[in-house]
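Hi,

Here is the structure I said I'd pass on. Have a look at it first, and then read my notes below.

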Amino acid sequence: METWYYEVTEIDGDYARLKRTDISSEDLKLVARALLPPEIAEGSRLKYEWMQYELLSP
């Protein structure tokens, strides 16, 4: 399974917008916050692997 890396660019209520950081792309992905680690904040870095998001240390 592939591994993708994201940065949280915006938190808007129950959703967060994520930007891929492992490839060059301006597209943002809208994800329900229920699928993300509860301690995320704007600027948090995430790893997506095996259908789970993991918060990476700063």
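Let's start with E54, which counts as partly exposed because its relative accessibility is 42% (buried is under 20% relative accessible area, exposed is over 50% and partly exposed lies in between, using a 1.4 Å probe and protein chains only). Before going further: this is a predicted model, where local features need pLDDT of at least 70 and side-chain atom pairs count only at pLDDT 80 or more, while totals for chains, interfaces and linings use all residues. Residues are numbered from 1 along each chain as its sequence is written, and side-chain values use heavy atoms, with hydrogens and water left out.

Back to E54: it forms a salt bridge with K47, with 3.8 Å between the closest N and O atoms (the criterion is a side-chain nitrogen of Lys or Arg within 4 Å of a carboxyl oxygen of Asp or Glu). K47 also meets the side chain of E49 in a salt bridge, at 3.5 Å from N to O, and K47, E49 and E54 are linked in a network. K47 is buried because its relative accessible area is 18%, whereas E49, at 26%, is partly exposed. The whole structure has four salt bridges. One of them joins R20 to D22, whose closest N and O atoms are 2.8 Å apart. R20 is buried at 18% relative accessible area, and D22 is partly exposed at 33%. Side chains of opposite charge can pair when their charged atoms come close.

R20 comes up again around S25, a residue in the loop between β2 and β3 (strands are DSSP runs of E, at least two residues, numbered from the N terminus). S25 counts as buried because its relative accessible area is 16%. Leaving out neighbours within four places in sequence, S25 contacts K19 and R20 (contact means heavy atoms within 4.5 Å).

Now the strands. β1 (residues 3–12) runs antiparallel to β4 (residues 45–49), and five bridges join them (two strands pair if DSSP finds at least two bridges between them). W4 has Y48 as its bridge partner in β4. β4 also pairs with β5 (residues 52–55), again antiparallel, over four bridges, and E49 stands opposite Q52 there. β4 and β5 make a hairpin with two residues between them, and W50 in the turn has a positive phi of about 55°.

W50 is exposed because its relative accessibility is 59%. Together with M1 and M51, W50 forms a nonpolar surface patch with about 460 Å² of accessible area (patch residues have over 30% relative accessible area and no salt bridge, with nonpolar side chains joined within 5 Å; areas are Shrake-Rupley with a 1.4 Å probe).

And inside? The largest nonpolar core has 10 residues: Y6, V8, A16, L18, V31, L36, I40, L46, Y48 and Y53 (buried Ala, Val, Leu, Ile, Met, Phe, Trp, Tyr and Cys, joined through side-chain atoms within 4.5 Å). β1, β2 (15–20) and β4 each supply at least two residues of this core. Y48 touches E2, T3, W4, Y6 and Y53, leaving aside neighbours within four places in sequence.

Last, L28 in strand β3 (residues 28–32): at 48% relative accessible area, L28 is partly exposed. Not counting residues up to four places away in sequence, L28 touches T9, R17, L18 and K19.

Cheers

How values were computed:
Patches are made of residues with over 30% relative accessible area and no salt bridge: like charges are joined within 9 Å, nonpolar side chains (Val, Leu, Ile, Met, Phe, Trp, Tyr) within 5 Å.
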